[in-house]
Amino acid sequence: MVSRQGRLFVISSLAFAVFTGNAVAGGFEKATMWDAKYAALAGAAVSSVNTSSAVFFNPAGLARLEGNEIALNVSPTFVQTNGPAEGDNSYIDGERNFVPNAGLTGAYRLNDQLVMGYGVYGAGGSSTSYEGVTVGSLTPMTGEYSTDIKIMEAGLALAYQINNNWSIGGTYRITYAQADINLASAAFSGTTGALVGYNDLSGFNTFGVRLGAMYRSDDNRWGWGLNYRSDVSIEADGEASTYVANTPFHTPSIAATAETALPTQFSTGVDYSLNDDWKLFSEVTWTKYSDIESIKFSSNEGNLLVNRIIANWDDQWNFRFATEYTGIENWALRAGYIYTTAVTPEEYAAPTFSTPAGAHSFTMGAGTTLMDGKLGLDFGAEYNFAENDTVKGGGVVTNTGSLSPSGKYDTNAFALHATLRYKF
């Protein structure tokens, strides 16, 4: 049997550069992912995806592939979150973090009706950090206040084309998560600084699914799609440390476990061709983030000062709109917009999690083919932001009684996308 350390080494090697960045207003997920074509289309892929990326977006779309393919997707992302990290109304600029999001996917046609797909890709995460944060009015401490959560999936899919109109598919998912969470908080009614860290956390969930269906009209002028993602619970093992100013409460390192989940999700959408050159896309995605009431921590080696971060998140809605123009020979031009509802309630806002405000994402890109269509190149760019200047805070966000700080919260991120796709 392979040891846990061995499994972590293998998955960590596969995971290099495939994690997604901060979620802006969206829990653990960005509104767009790593495929340049569909990122430029605001992620509105569920009704039309016909590449190996269907492993992620809608496995039913694999049945629409012609032949076989393999694709490499890279999406370098830069994100910055700002907020009251040192207490009420203490607006601080966070660090701009680089996240090397990517995905590797492929597909192989087994026969006229069956297509197999596979992939390793970023599926979620959060990346926020403040350096040199000082907390505690009487006995302060200075340290890092950050959240770095990375979620990766390996997927194996199978799609079946029922007839010219209908196809169905499913993806089996293995989910892997890494996390480092560092809290800077003022204990004892705000008088005493405390630094609490949960570091080198990692863990697997070996069963999750995506299920999809797709319909294309007889003339292929319009289509509809549906994608379901099951929830996966994640337990990540690592180390905990605690330091409280001017007290004997110092725990340099003990074993600890964090528990959270990537929740259930449904996406449905349509696309429609206005004419030979113009196509429109729209999609709605609902994610049950209300299932995440808190991130829990536990240890068999001692008591933890902070044993949970209270989230009380709301469900998330993504509304996607996009267009594609193919009137230039061998080129496709794309653009889109996404509105993402806030997941974090104002009362439970935290400077290192999603900004408690609706997020706006703007996308654009282009694609072309080479080598008689065998080689596809797609490029894209996106910018997204969320801002709330008057967050009321005040909710109890840890078991120690720490309160959510009031003030201004905002997040902005930009990403570049590139996909190289080879058909054979």
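A residue is called buried when its relative accessible area is under 20%. In this predicted model, Ser53 has a relative accessible area of 0% and is therefore buried. Ser53 belongs to the loop between helix H2 (36-40) and helix H3 (54-57). When neighbours within four places in sequence are left aside, the contacts of Ser53 are Trp34, Asp35, Asn73, Thr105 and Arg421.

A search of the whole structure returns 3 cavities of 30 Å³ or more.

| Space | Volume | Lining | Largest contributor to the lining |
|---|---|---|---|
| Largest pocket | about 1100 Å³ | 41 residues | E17, 4 residues |
| Second largest pocket | about 810 Å³ | 38 residues | E5, 5 residues |
| Second largest cavity | about 130 Å³ | 13 residues | E5, 4 residues |

**Largest pocket.** Lys37, Tyr38, Asn50, Thr51 and Lys423 are the lining residues nearest the centre of the largest pocket. Two or more lining residues come from each of H2, strand E6 (192-216), strand E11 (278-287), strand E15 (331-340), strand E16 (359-370), strand E17 (375-391) and strand E18 (407-423). The lining of the largest pocket comprises 16 polar, 15 charged and 10 nonpolar residues.

**Second largest pocket.** Nearest the centre of the second largest pocket lie Ala184, Ser185, Ala186, Ser402 and Leu403. At least two residues of its lining are supplied by each of strand E3 (114-135), E5 and E6. In the lining of the second largest pocket, 22 residues are nonpolar, 14 are polar and 2 are charged.

**Second largest cavity.** Of the residues that line the second largest cavity, Ile149, Ala179, Ala236, Ala258 and Thr260 lie nearest its centre. The elements that contribute two or more residues to this lining are strand E4 (141-161), strand E5 (166-187), strand E8 (232-244) and strand E9 (250-262). By class, the lining of the second largest cavity holds 10 nonpolar residues, 2 polar residues and 1 charged residue.

Which element gives the most to the lining of the second largest cavity? That element is E5, with 4 residues. E5 also gives the most to the lining of the second largest pocket, with 5 residues. For the largest pocket, the element that gives the most is E17.

How values were computed. Residues are numbered from 1 along each chain as its sequence is written. This is a predicted model: local features need pLDDT of at least 70, side-chain atom pairs count only at pLDDT 80 or more; totals for chains, interfaces and linings use all residues. Side-chain values use heavy atoms; hydrogens and water are left out. On a 1 Å grid over the protein atoms alone, a cavity is a set of points where a 1.4 Å probe fits but cannot get out, and a pocket is an open set with protein on both sides within 12 Å along at least five of seven lines; lining residues have an atom within 4 Å of a point. Grid points are joined across faces, edges and corners, and a volume is the space filled by probe spheres set on the points. Ala, Val, Leu, Ile, Met, Phe, Trp, Tyr, Cys and Pro count as nonpolar, Asp, Glu, Lys and Arg as charged, and the others, Gly among them, as polar. Buried means under 20% relative accessible area, exposed over 50%, partly exposed in between (1.4 Å probe, protein chains only). Contact means heavy atoms within 4.5 Å.
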